[in-house]
Amino acid sequence: MRDFNAVVGREARRQSLEQVGRLPDALVACVGGGSNALGLFYPFVEDDAVAMYGVEAGGDGVETGRHAAPLSSNAPRGVLHGNRTYLMSDEAGQVSDTHSISAGLDYPGVGPEHALWKDVGRVNYVAANDKEVLEAFRELTHMEGIMPALESAHALAHAKVLAPTMRPDQHIVVNLSGRGDKDIMTVAKIDGIEF
């Protein structure tokens, strides 16, 4: 899946060089299983000056245990679908329940490249909780008329945290990996909107 999604990273690289004249300072993408983030990050993995942030589903908060953030919560390693990776699991090594507002990120493990990038420190893994995600979803929808997928809203939520720590001349690329019309009923129910 990395190679299929890498068209996004190659395009981000090309367009940054053409439009800004240099590589971006930071890349931000959501991580469930991790294929969309792999696609964005892979063409930049050798560019040490480009910071990369994988944003996992913090659910009700990593501290509550109701989340889907094995990398940023330092979950133990386990085996899922034939690969050993960071895995939401109990003391016996059995896969644990996860929670996220986003069905697409409600997954207990990550791909092996993400596990490697965490171990070598190449990618910074963080979590965004459901409240932050909904705020980012609503803000982009209202301000720009772009309804992001709830998965992508995780990346947006972290971009809102990251941007104030950067200089005005620095650039962030946020991967909007999906569209939010599939999530509108979830958001409407939370917001008490009836159709």
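A polar contact is a pair of N or O atoms within 3.5 Å; within protein, one must be able to donate a hydrogen and the other to accept it. Keep that in mind for a later stop. The model on screen is predicted.

**Stop 1: the open sheet**

Start with strands S1, S2, S5 and S6. These four strands form an open sheet, in the order S5-S2-S1-S6, with parallel pairing. S5 and S6 are the edge strands, and each pairs on one side only. On average, neighbouring strands here are turned by 25° against each other, direction ignored.

Now zoom in on S1 and S2. They run parallel and are joined by five bridges. Select leucine 27, then methionine 52 in S2: the two are bridge partners.

**Stop 2: two helices**

H5 lies across S1, S2, S5 and S6. Relative to S1, H5 runs at about 145°.

Next, bring in H4. The axes of H4 and H5 are 8 Å apart, and the helices pack at an angle of about 95°. H4 and H5 are therefore roughly perpendicular to each other. To see the meeting surface, show side chains on both helices. From H4, pick out residues including Val133, Phe137 and Leu140; the H5 residues that H4 meets include Leu150, Ala153 and Leu156.

**Stop 3: the cores**

In soluble globular proteins, nonpolar side chains tend to be buried together. Look for that here. The largest nonpolar core has 20 residues. Select Val28, Val133, Leu150 and Leu162, which have the most contacts inside this core. Strands S1 (26–30), S2 (51–59) and S5 (124–129) each supply at least two of its residues, as do helices H4 (130–144) and H5 (150–162). Which element gives the largest share of this core? H5 does, with six residues.

Stay on leucine 162. Leaving aside neighbours within four places in sequence, leucine 162 is in contact with Ala26, Val28, Tyr53 and Ile172. Then find the second, separate core. That core has 19 residues, including Ala29, Phe41, Ala115 and Trp117.

**Stop 4: asparagine 175**

Go to the loop between strand S6 (172–174) and helix H6 (184–191), where asparagine 175 is found. Is asparagine 175 buried or exposed? Its relative accessibility is 8%, so asparagine 175 counts as buried, the cut-off being under 20%.

The side chain of asparagine 175 makes one with the side chain of asparagine 36, at 2.8 Å. Show the wider surroundings as well. Not counting residues up to four places away in sequence, asparagine 175 touches Val8, Val28, Ala29, Asn36, Leu40, Ser152 and Ala155.

**Stop 5: proline 70**

Move to the loop between S2 and S3 and select proline 70. Proline 70 counts as buried because its relative accessibility is 1%. Beyond four places away in sequence, the residues proline 70 touches include Glu56, Tyr86, Met88, Pro108 and Val110. Now pick alanine 115. Alanine 115 and proline 70 are 45 residues apart along the chain, and their C-alpha atoms are separated by 9.6 Å.

**Stop 6: the hairpin**

Finish at strands S3 (residues 77–80) and S4 (residues 83–86). They run antiparallel, joined by four bridges. Leucine 80 has asparagine 83 in S4 as its bridge partner. Two residues lie between the strands of this hairpin. Click on histidine 81: in this hairpin, histidine 81 takes a positive phi near 50°.

Technical notes
Residues numbered from 1 in each chain as written. Predicted model: local features only at pLDDT ≥ 70, side-chain atom pairs only at ≥ 80, totals over all residues. Heavy atoms only, no water. Core = buried A, V, L, I, M, F, W, Y, C linked by side-chain atoms within 4.5 Å. Buried < 20%, exposed > 50% of the residue type's maximum accessible area, 1.4 Å probe, protein only. Contact = heavy atoms within 4.5 Å. Pairing = 2+ DSSP bridges. Axes fitted to C-alpha atoms, helices over the stretch in contact; angles between N-to-C directions. Parallel < 35°, antiparallel > 145°, perpendicular 65-115°, else oblique.
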